[in-house]
Amino acid sequence: MSDTQNLIENRPPSVANLFLERVAKTPDGEAYRYPVPAASGQGPDDWKSLSWGQASTRVFAIAAGLIELGVQSEERVALAANTRVEWILADLGILCAGAATTTVYASTNAEEAAFILSDSDSRVLIAEDGEQLAKVRERRGELPDLKHVVVIQAADALAAEGDPEGWVLSLDELEARGAAYLEKNPESVKERVAAITKDQLATLIYTSGTTGRPKGVRLPHDNWSYMAKSIAQTGLIGPDDVQYLWLPLAHVFGKVLTSGQIEVGHVTAVDGRVDKIIENLPIVQPTYMAAVPRIFEKVYNGVAAKAKAGGGAKYKIFQWAAGVAREYAKVTQDNFRRTGQSSAPFGLSAKHKVADALVYSKLREAFGGRLRACISGSAALAPEIGFFFSGAGIHILEGYGLTESSAASFVNPGEAYRTGTVGKPLPGCEVRIAEDGEILLRGPGIMQGYHGLPEKTAEVLESDGWFHTGDIGELSVDGYLRITDRKKDLIKTSGGKYIAPSEVEGQFKAVCPYVSNILVIGADRNFCTALIALDEPSIVNWAKEEGLSSTSYEAVLADPKTNALIEGYVKELNQGLQRWQTIKQFRILPRDLDVEHGELTPSLKLKRPVVEREFKALVDEMYAGSREA
C-alpha cells in the first residue's frame, strides 16, 4: 500500500481524535502563543503560551460545558469572533463534544448573522464581545432555537432586560460548569470523541456570495482529518516550525491551518488584529505564515512608496533591486525546473548579492528574519509581485482550494515552487480540466453539499464525486496548475474577444505602487475601462513629497496631479497588453473598497457586481458616447 493510499484509508475519523493523539504525544510541548494587552493599555503586548496539555484542559472544559448545556451530537454551535486563541479552543471544544461549528465573521451585520444562525439551526452562539452579543439580541425574536450566548470577553457577558434566564454567560462560566461536569462524568468528552463518525458534520461555513443569501457548505469530520494528514505529508511544515496565524478563522483558509498544526505539533502564534501584523512579525519571528495576496501587495507598495519618498536616488536603487529580484527568481526557478539546482549566472548572482545587502535583507528582517516560506491563497497573486518576493528571499508558495474543497487542494512543493502557478494537487486529490477549461476536483476534501439546498448542490457536485470549481485553469505536463480566471468573470467584448480581468488587474498592481484595488470592466463593451482605488498611506505620502496644497485623502484623490500620476501607470500597463485588453479610460474611486460596504468578501476578494452597481455613474461616464455603452 502506498503512503497516499494509507493516508486515505487509515486516517482517524476526526481532528478531535488527532487532537487527543497530539496531547498524548507532547503534553508539555508549546501549542499556542497569544498576546495579552498591557494592563495600562500602553506599551507592547505581553505574549503568553499554552502547552498542548493546558490547551486540552480548556478544550475539555468547553466541550463538557456544551454537553452540560444540552448540546447533542451534530447540533450546531456558532462562533462569531475575530481570530484569537479562544476561537481555536472553542472550535476544538465544539468538535470534541461531537457537535458542529457554524462560523460567522465578526464583521457580519446583524441581519446576515441572524440568517446564518437560523439557517444552520445553531443552538448556542459563542460570541467575542458585547458587539456580537448585541447583533443577536437585536434579532432574538427570529432565533427561538438559540438557547444560549457564551461571551468570550467576560466583562461583556451582561444579561439585559428581556433575556431569558441563563441565556447569556461568559466563556469562563462555561468552562467552570464544564470542569464541574467532568468531575462527575470524567469520561464524557472522550466518549463523545470516540462516537464521532467520519461522515458526521463538523463545520458549516457560509460562503459570502456576490448576490443573494450565502450558502452553508457542509464539511464533515473526515474532511479535516484528511486535510491534516495530507498537509503533513507534503513536508512543507515540521514540528520545529512557528506559524503566525492572523487570517480569519471563520474562513476556510484560516481554519485549515489549525488542522495541519495539530497533526504536526508545532507552535502557532495567534493574533487576528491586521493592524498589528507589522509590529508582531519581529516579536513572533515566524518560520511560515499564510496570507492573502492583498497583504503582499500592500507590503510591496509600501516598500516602493517608502523608497520613492526617500528621494530619486533611493527609488532608482529600489527599482534596480526589484528588477534584479525578478530576473534572479525567474532564472533560478527555471534552472531548478530543468536541473534540480537553483543556480544563476555569475554576473546576475553578483548583482543579486549587492541588491540583497541594500534592499532584500531589510525586507526579510521586517518579516521577522526567520521566514522560510509564506503560503498565499484565496485569490491570484500577481506574478511580478511573486517574482519580486522570491528574488528577495521571501518564498511565496501559492496554493488553491475553495470552501467547498476544505481550502487546500493544491500547493506549491517547497523548493520546487513555480511563481504564477498554484502548484500540484495534495495527496489524494484528483483533478481534471473540462472541455471548456473548468477545473474539476474529486477527493476526500470535497464537501458533502450545500446545507438544505439539494438543487444548488446538484449544480456543482456530480454523482461520481467530481466538483465543478467555476475556475478556469491549465495543467502543465508535470502536474502544476495555473488558474487563468473565474469562469463567470471572463469578459467577452462586443468585438468577440475574451479577456481575463484578474490577469490585467494583477499586472497593474505590479506596475503601480499606489493602487489598493482595481476592477477592469468591458463585458459586451467595445473597449475596456477600469475603476481604481488608491492606498491611502501611499498616495498621501506621495502628495506630501509633491507639495500638494492639501494632503487629506479626499483632496489628494480629487487633485488633477493624482489623475496624471495614475494615467502614467495605466499607459505603462497598456504597453504590455494586447490591443483589446488595453484600458482606454479609468476613474479613481472616491474611497477604497472595503468589507463594510459589501464590495470585498471577508477574505478580501472583489465582489465585481457590487462594485459595478455602487459606482455605476462612473462606469456610465466612461462609456458615454460609446456605441456600445
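Biologist: Why does K48 count as partly exposed?

Modeller: This is a predicted model, and in it K48 has a relative accessibility of 38%. Buried would need a value under 20% and exposed one over 50%, so K48 falls in between and counts as partly exposed.

Biologist: What makes the contact of K48 with D46 a salt bridge?

Modeller: The closest N and O atoms of K48 and D46 are 3.3 Å apart, and the limit for a lysine nitrogen and a carboxyl oxygen is 4 Å, so the pair qualifies as a salt bridge. D46, with 41% relative accessibility, also counts as partly exposed.

Biologist: How many salt bridges does the structure hold?

Modeller: There are 35 salt bridges in the structure, and a network of them links D45, D271, R273, K276 and E279.

Biologist: What separates E297 and R294 along helix α12?

Modeller: E297 and R294 are three residues apart in helix α12, which covers residues 293-309, and therefore about one helical turn lies between them. Their side chains meet in a salt bridge at 3.3 Å, N to O, and both E297 and R294 are buried.

Biologist: Which parts does the salt bridge of E614 and R591 tie together?

Modeller: The side chains of E614 and R591 meet at 3.5 Å, N to O. E614 belongs to helix α21 (residues 608-614), while R591 is in the loop between β26 (583-588) and α21, so the pair ties together parts that are 23 residues apart in sequence. E614, at 45% relative accessibility, counts as partly exposed.

Biologist: Let us turn to the rings. Why is the pair of F367 and F389 called edge-to-face?

Modeller: A pair of aromatic rings is described by the distance of the centres and the angle of the planes. The structure holds 13 aromatic pairs, and in the pair of F367 and F389 the centres are 6.4 Å apart with 90° between the planes.

Biologist: Where do F367 and F389 lie, and what does their pair tie together?

Modeller: F367 lies in the loop between α14 and β13 (373-376), and F389 in helix α15 (residues 383-391), so the pair ties together parts that are 22 residues apart in sequence.

Biologist: What makes strand β14 largely enclosed by the rest of the structure?

Modeller: Five of the five residues of β14 (residues 396-400) are buried, and so the strand is largely enclosed. In a regular strand the side chains alternate between the two faces of the sheet. In β14, both faces are covered, with buried I396, E398 and Y400 on one side and buried L397 and G399 on the other.

Biologist: How do you know that β13 and β14 pair?

Modeller: Three bridges join β13 to β14, which run parallel, and at least two bridges are needed for strands to pair, so β13 and β14 pass. One of the residues involved is C374, whose bridge partner in β14 is I396.

Biologist: What makes β2 and β16 edge strands of their sheet?

Modeller: The open sheet has nine strands in the order β2-β1-β11-β10-β12-β13-β14-β15-β16, with mixed pairing. β2 (46-51) and β16 (424-425) each have a single partner strand, so one side of each is left without a neighbour in the sheet.

Biologist: Which residues make the nonpolar surface patch?

Modeller: I317, W320, V354 and L358 make a patch of about 330 Å², and α13 (312-339) and α14 (346-366) each supply at least two of the patch residues. W320 lies in helix α13 and has 35% relative accessibility, so it counts as partly exposed. A patch residue needs over 30%, and W320 is above that cut-off.

Terms used:
Residues numbered from 1 in each chain as written. Predicted model: local features only at pLDDT ≥ 70, side-chain atom pairs only at ≥ 80, totals over all residues. Heavy atoms only, no water. Patch = residues over 30% accessible without salt bridge, like charges linked within 9 Å, V, L, I, M, F, W, Y side chains within 5 Å. Areas by Shrake-Rupley, 256 points an atom, 1.4 Å probe, with all protein chains shown as cover. Helix = DSSP H or I, 4+ residues; strand = E, 2+ residues; numbered from the N terminus. Buried < 20%, exposed > 50% of the residue type's maximum accessible area, 1.4 Å probe, protein only. Phe/Tyr/Trp six-rings, centres within 6.5 Å; stacked < 30°, edge-to-face > 60°.
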